[in-house]
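Please look over the chain shown below before reading my comments.

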Amino acid sequence: MMRSGLSEQKSRNLKFRLGNRYLSLDANKVAEVVRAPRITRVPHGPESLLGIANIRGEPVPIFDLGHVLGDEGDGRVVDGCCIVYERGQRIGLMVDAVLQIVADDNDRISDLDARLTAQVRPTSPRRQNTGAARRSGDFGASSRHANPVDAGKPFLTVKVAGQSFAIALADVHEVLALGEEFFTASRPQDVILGMAEHRGAVLPVADARNLLGLRSDKERAANRVVVVDYLGTRIGLAVERVQTILRLASSQIDAVPTVLKNGQGPAELEAIGRPGEGQSLVAILSTEKLFGNQAVNRVASPVGEHDMSENSIVAKGEQLLIFSLGSEDYGLPMRCVEEVVRVPQSVTRVPKAPSFVAGVVNLRGRAVPLIDQRMRFEVADTNPLAWQRAIIVNFEETRVGFVVDRVSETVEIAAEDLLDAPDISERTSVFDRVARLKADGRMILLVDPKELLTRAEQDVVAALAMTGSEEKAS
């Protein structure tokens, strides 16, 4: 690793190898040299862009220098060295090897800045004007308040002992992957699996299966922890897997039948949800009753009084929904997500619609256009998964479903770990921020729902939604 004390040495050049060539660049502009970083792909970026990487906590665009210089070769450097180059915005340049610092060099690249300018645009006025709003989590009134008639209550559905249960999303703090390092030794029948260090505090992790008194014919291992805020206490609930986000109107939520409340019935149930035609009923859990267990109360420790002011929520961070397309993960702010549904088999195709429009579906009496994000993000593997999900987003006055391969988790990211995304090109402006995951150093691109569709495409989607509604009415 090489630090930039190089600026004190004038007329110095950093010599490196790129394929079969030996080249150099102005060493005064080199911030450091690092080993090949973990790279997150950026859809629609320039051909020379490999992606972005986490370099000392900053999202840095990483370019294949050979491609920037116009090389036609098929081999792209992804496992050599990365030269971090200063040009107002830091740029990573992948080369095969860094050799030494030399004085005058005939092989110095004299027009590197001009070539990079052609690849990376200056920060646009839109980014400069809206950066503060993005950092504060303000995604516009339309995302939060559109379609009040359709407003329902969102739930996170999980699997426990092979059965589906729902927890009010308002009670869910985040969802974590479950690892062995979370737990202390405990007996298999214990309600509390153990403790975990989480965000500077002790997190008790309870076994949902034992809390609910459930046993399954086939032992299923828990692999997710749903972190729940409960009466000023944060508790983890170990479940087999997280399924989806489900929004239920009040007319779709029924009281628990009296017969189930008698005797040793499931007292943890708060209500029964009816998602819709062809979908199974879901048992809605009461976190207050679920965590009223004495064993839980003995180990739970308050996290302090809840400050529900707008500023305190921003300071604590933001909830994100993480989804996957191919091998890449992306994020959406939870505040703009209505629900997550399985893509139905019956999707109405729309003649002469743009290729990215997968069709229209009937979602609780309203036509919702589906946008194929695999096509929009140019996913190399074109074979869709059988369990694809649609993330339903309120987009101004239209509800739109973004079709993705899978929805993996919800996480809360601290405010200091939400960074502005590098402004590389107009086509990459759909990614307005980057979430920095401290646990593994990953950088996850966050989608700006207002920029995901161009204005022309918004008009197409709105027209499709209107057409679908008219066809249903006729």
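The points below cover basis, a hairpin, salt bridges, cysteines and nonpolar cores.

1. Basis. This is a predicted model: local features need pLDDT of at least 70, side-chain atom pairs count only at pLDDT 80 or more, and totals for chains, interfaces and linings use all residues. Residues are numbered from 1 along each chain as its sequence is written, and side-chain values use heavy atoms, with hydrogens and water left out.

2. Terms for the elements. Helices (H or I, at least four residues) and strands (E, at least two) are DSSP runs, numbered from the N terminus. Buried means under 20% relative accessible area, exposed means over 50%, and partly exposed lies in between (1.4 Å probe, protein chains only).

3. Strand E26 (residues 366–372) runs antiparallel to E25, joined by 6 bridges. Pairing requires that DSSP finds at least two bridges between the strands. Gly359 sits opposite Leu370 in E26. The hairpin has 2 residues between its strands, and Arg364 takes a positive phi near 50 degrees.

4. Salt bridges, overall. Side chains of opposite charge can pair when their charged atoms come close. The rule here is a side-chain nitrogen of Lys or Arg within 4 Å of a carboxyl oxygen of Asp or Glu. The count comes to 17 salt bridges.

5. Arg108 and Asp26. These two form a salt bridge, with the closest N and O atoms 3.4 Å apart. The pair links distant parts of the chain, 82 residues apart: Arg108 is in the loop between strand E10 (97–102) and helix H2 (112–117), and Asp26 is in strand E3 (residues 21–26). Arg108 is partly exposed at 36% relative accessibility. Asp26 is buried at 15%.

6. Asp113 and Lys29. Their side chains meet in a salt bridge at 2.5 Å, N to O. Asp113 lies in helix H2 and Lys29 in the loop between E3 and strand E4 (30–35), so the pair ties together parts that are 84 residues apart in sequence. Asp113 is partly exposed at 26% relative accessibility. Lys29 is partly exposed at 28%.

7. Arg436 and Asp417. This salt bridge has an N to O distance of 2.9 Å. Arg436 is in strand E31 (residues 431–436) and Asp417 is in the loop between strand E29 (406–413) and strand E30 (418–420), so parts 19 residues apart in sequence are tied together. Arg436 is buried at 17% relative accessibility. Asp417 is buried at 5%.

8. Cysteines. How many disulfides (pairs of cysteine sulfur atoms within 2.5 Å) are there? The count is 0. The closest cysteine sulfur to that of Cys81 is in Cys82, 8.8 Å away, so it is too far for a bond. Cys82 is buried, at 0% relative accessibility.

9. Nonpolar cores. Such a core is a set of buried Ala, Val, Leu, Ile, Met, Phe, Trp, Tyr and Cys residues joined through side-chain atoms within 4.5 Å. The largest has 98 residues, of which Leu65, Leu93, Val226 and Ile391 touch the most other members. Strand E6 (residues 49–55) gives the most to this core, with 5 residues. A second, separate core of 10 residues includes Val347, Leu363, Ala390 and Val403.

Conventions. Disulfide = S-S within 2.5 Å.
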